Amino acid sequence: MIYNDINKESIDKLMDIFYDKIKSDENLGPIFKGKIGESKEEWDKHKDKISNFWQGQILGEGNYRGQPMKTHIELPPFPQEFFDIWLNLFSQSLDLVFDDNCKAIFLKRAQMIANSFQAMIYKYH
């Protein structure tokens, strides 16, 4: 189903598809598994948390209470090019969930976040 509006249900669907791609990616999978864990429960908890993050970013809703910049700065060093992989997997996932208008809203925000994270992470590593 392709959504033409953004809501909690559609964001949850995006998280399911996106994190399935992340887990199976040879570069990103080990990083995420190292931080999140291996169990379905750990991944479900993470997907719920990040769904809340996106609900806040896109809808102005949700109850996200994290420090995403701090979390990413504290990860073991990884190549800056991995952000391109992350954005590509996110874009592929968006294609499977949203129409072009909704996808554009997410991609614009995701690119801004990725740029901000890269500026901070590679400034300090």
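Is Ile22 buried or exposed, and what is its relative accessible area? Select it: Ile22 is buried, with a relative accessible area of 0%. Buried means under 20% relative accessible area, exposed over 50%, and partly exposed in between, with a 1.4 Å probe and protein chains only.

Before moving on, two notes on the model. It is predicted, so local features need pLDDT of at least 70 and side-chain atom pairs count only at pLDDT 80 or more, while totals for chains, interfaces and linings use all residues. Residues are numbered from 1 along each chain as its sequence is written, and side-chain values use heavy atoms, with hydrogens and water left out.

**Stop 1: around Ile22**

Ile22 sits in helix α1. Helices (H or I, at least four residues) and strands (E, at least two) are DSSP runs, numbered from the N terminus. Show the surroundings of Ile22: not counting residues up to four places away in sequence, it touches Leu28, Gly29, Phe32, Trp43, Trp86 and Leu89. Contact here means heavy atoms within 4.5 Å. For a distance across the model, pick the C-alpha atoms of Ile22 and Asp99, which are 77 residues apart along the chain and separated by 22 Å.

**Stop 2: α1 against α2**

Two packed helices are described by the angle between their axes and the distance between the axes. Select α1 and α2: their axes come within 6 Å and cross at roughly 105°. Axes are lines fitted to C-alpha atoms, for helices over the stretch in contact, and angles run from 0 to 180 degrees between N-to-C directions. The two helices α1 and α2 are therefore roughly perpendicular to each other. Angles under 35 degrees count as roughly parallel, over 145 as roughly antiparallel, 65 to 115 as roughly perpendicular and the rest as oblique.

Now colour the contact residues. On α1 they are Tyr19, Ile22 and Lys23, and on α2 they are Leu28, Gly29, Phe32 and Lys33. By class, the contact of α1 with α2 has four nonpolar, one polar and two charged residues. Ala, Val, Leu, Ile, Met, Phe, Trp, Tyr, Cys and Pro count as nonpolar, Asp, Glu, Lys and Arg as charged, and the others, Gly among them, as polar.

Between these helices, select Asp25, which is found in the loop between α1 and α2. Asp25 is buried, with a relative accessible area of 16%. Leaving aside neighbours within four places in sequence, Asp25 is in contact with Pro30, Ile85 and Leu89. The C-alpha atoms of Asp25 and Leu89 are separated by 9.0 Å, although the two residues are 64 apart along the chain.

**Stop 3: α3 and its two partners**

On the α1 side the contact includes Ile11, Met15, Tyr19 and Ile22, and on the α3 side it includes Trp43, His46, Ile50 and Trp54. The contact of α1 with α3 has eight nonpolar, three polar and five charged residues.

Switch to α2 and α3, which pack at an angle of about 95° with their axes 10 Å apart. These two, α2 and α3, are therefore roughly perpendicular to each other. Here Phe32, Lys33 and Ile36 in α2 meet Glu42, Trp43 and His46 in α3.

Stay on α3 and pick Asn52, which lies in this helix. At 17% relative accessibility, Asn52 counts as buried. Apart from neighbours within four places in sequence, Asn52 is in contact with Glu61, Gly62, Asn63 and Tyr64.

**Stop 4: the core**

Which residues have the most contacts inside the largest nonpolar core? Select Ile22, Trp54, Trp86, Phe90, Phe98 and Phe106, in a core of 35 residues. A nonpolar core is a set of buried Ala, Val, Leu, Ile, Met, Phe, Trp, Tyr and Cys residues joined through side-chain atoms within 4.5 Å. The elements giving two or more residues to this core are α1, α2 (28–36), α3, α5 (82–97) and α6 (100–124).

**Stop 5**

Ser10 lies in helix α1 and is buried, with a relative accessible area of 0%. Leaving aside neighbours within four places in sequence, Ser10 is in contact with Tyr3, Asp5, Val97 and Phe98.

Finish on Ala114 in helix α6. Ala114 is buried, with a relative accessible area of 3%, and touches Phe83 and Leu87, not counting residues up to four places away in sequence.
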